[in-house]
Amino acid sequence: MISPLTYFGIHLTLLLPPILILGWLAVRRDRAWWGVRPLSGLVIMIALAVVYTTPFTNRLIPAGVWWYGDGAVLATVWYTPIEEYLFFVLQPILTALWLFQVRPSADLSLAIPRPHRLLGVAGGLAIAVVGLLLLLLGDISTSYLGWLFLWAGPVLAIQWGFGLTYLWDVRRSLLVAIAVPTLYLWVVDRIAIELGVWVISDTHTTGYGLLGLPIEEALFFLVTNLFVVQGITMYIWVLDRIDGVSAVTGASPRLPTSSDDR
């Protein structure tokens, strides 16, 4: 099947415009996060996304979980198109720039209760265990879902184990920060599938859908946006708490905060 739109065309028409608009708003709005701290957090998230997602896609693509339309990609590195690697960069940028508008924050100590940390770790590991069971005990139709849960669980265990209490405190703004880019990327994904830019295997998926998307695709964008939003939010929280302790104790000069960078 020849796609009428290429993967790079998806980037140009559906990802770059909102990125440019949100970037402009982040620079112009005094209430938006901007400066060294949020941008350095974004750089870290991009690096982690590329490193962690690369083996995931290069495991599932050759297994036939999804593939790309004829002429839809320029070239591949390993089994993954170069446009997919570019997506590993563009998605965190898009999600983070929206997060900068929402800026979830709360005045909470880093010393959160141990039971909360254990609960967070247990929650993430439970997701990974479900994924493993789907791979071991399920049939081929649960392979995408199983690999997704197994891949996402360890990251969520680390994030929730470290900052579950804080994330719960800022849950309302966190929900907004996650929901908007996730819904938008669901639309982008649905358009790309409809145009044949990429094709999701019926064999490797459960057949359940959400808003016209395979449930596995919807969950992929949800968990990856969770990674980005929670990661940057907690990164800024940690730096702000360290900054506050230093200001009280006089231990070291205060680093500029995200608002000071304006």
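**Figure 1. Overall fold of the predicted chain.** Read along the sequence, the elements follow the order α-α-β-β-β-α-α-α-α-β-β-β-α. The chain thus described has a radius of gyration of 19 Å, close to the 18 Å that the globule rule gives for 262 residues, so it is as compact as a globular protein of that length. The radius is taken over C-alpha atoms, and the globule rule is 2.2 Å times the number of residues to the power 0.38. In total there are seven helices and six strands; these are DSSP runs numbered from the N terminus, with helices being H or I of at least four residues and strands being E of at least two. Along the principal axes, the C-alpha atoms fill a box of roughly 65 × 45 × 30 Å.

The model is predicted: local features need pLDDT of at least 70 and side-chain atom pairs count only at pLDDT 80 or more, whereas totals for chains, interfaces and linings use all residues. Residues are numbered from 1 along each chain as its sequence is written, and side-chain values use heavy atoms, with hydrogens and water left out.

Figure 2. Of the 262 residues, 47% are buried; buried means under 20% relative accessible area, exposed over 50%, and partly exposed in between (1.4 Å probe, protein chains only). Among contacts (heavy atoms within 4.5 Å) between residues at least 6 apart in sequence, 79% join residues at least 24 apart. The accessible surface comes to about 12700 Å², and 72% of it belongs to carbon and sulfur atoms. This area was computed by the Shrake-Rupley method with a 1.4 Å probe; for residues, only the protein chains shown count as cover.

Figure 3. A search of the whole structure finds 15 aromatic pairs. Rings of Phe, Tyr and Trp (its six-membered ring) pair if their centres lie within 6.5 Å; planes under 30 degrees apart count as stacked, over 60 as edge-to-face and the rest as tilted. Tyr-7 and Tyr-68 are a stacked pair, at 6.0 Å centre to centre and 20 degrees between the planes. Tyr-7 belongs to helix α1 (residues 7–28) and Tyr-68 to strand β1 (residues 66–68), so that distant parts of the chain, 61 residues apart, are linked. Both Tyr-7 and Tyr-68 are buried.

The ring centres of Trp-151 and Phe-220 are 6.0 Å apart with planes at 20 degrees, so this pair is stacked. Because Trp-151 lies in helix α5 (residues 143–169) and Phe-220 in helix α7 (residues 215–249), the pair ties together parts 69 residues apart in sequence. Trp-151 is buried at 8% relative accessibility, and Phe-220 is buried at 12%.

**Figure 4. An aromatic cluster that includes Trp-151 and Phe-220.** The members of this one cluster are Tyr-52, Phe-56, Phe-87, Trp-151, Phe-220, Phe-221 and Phe-227.

**Figure 5. Asp-70 in the loop between β1 and β2.** Strand β2 spans residues 76–77. Asp-70 is partly exposed, with a relative accessible area of 46%.

**Figure 6. Loop residues with positive phi.** Trp-78 is not a glycine, yet its phi is positive, at about 65 degrees. Trp-78 is placed in the loop between β2 and β3 (80–81) and counts as exposed at 55% relative accessibility. Arg-103, also other than glycine, has a positive phi near 45 degrees. Arg-103 is found in the loop between α3 (82–102) and α4 (114–137), where it is partly exposed at 27% relative accessibility.
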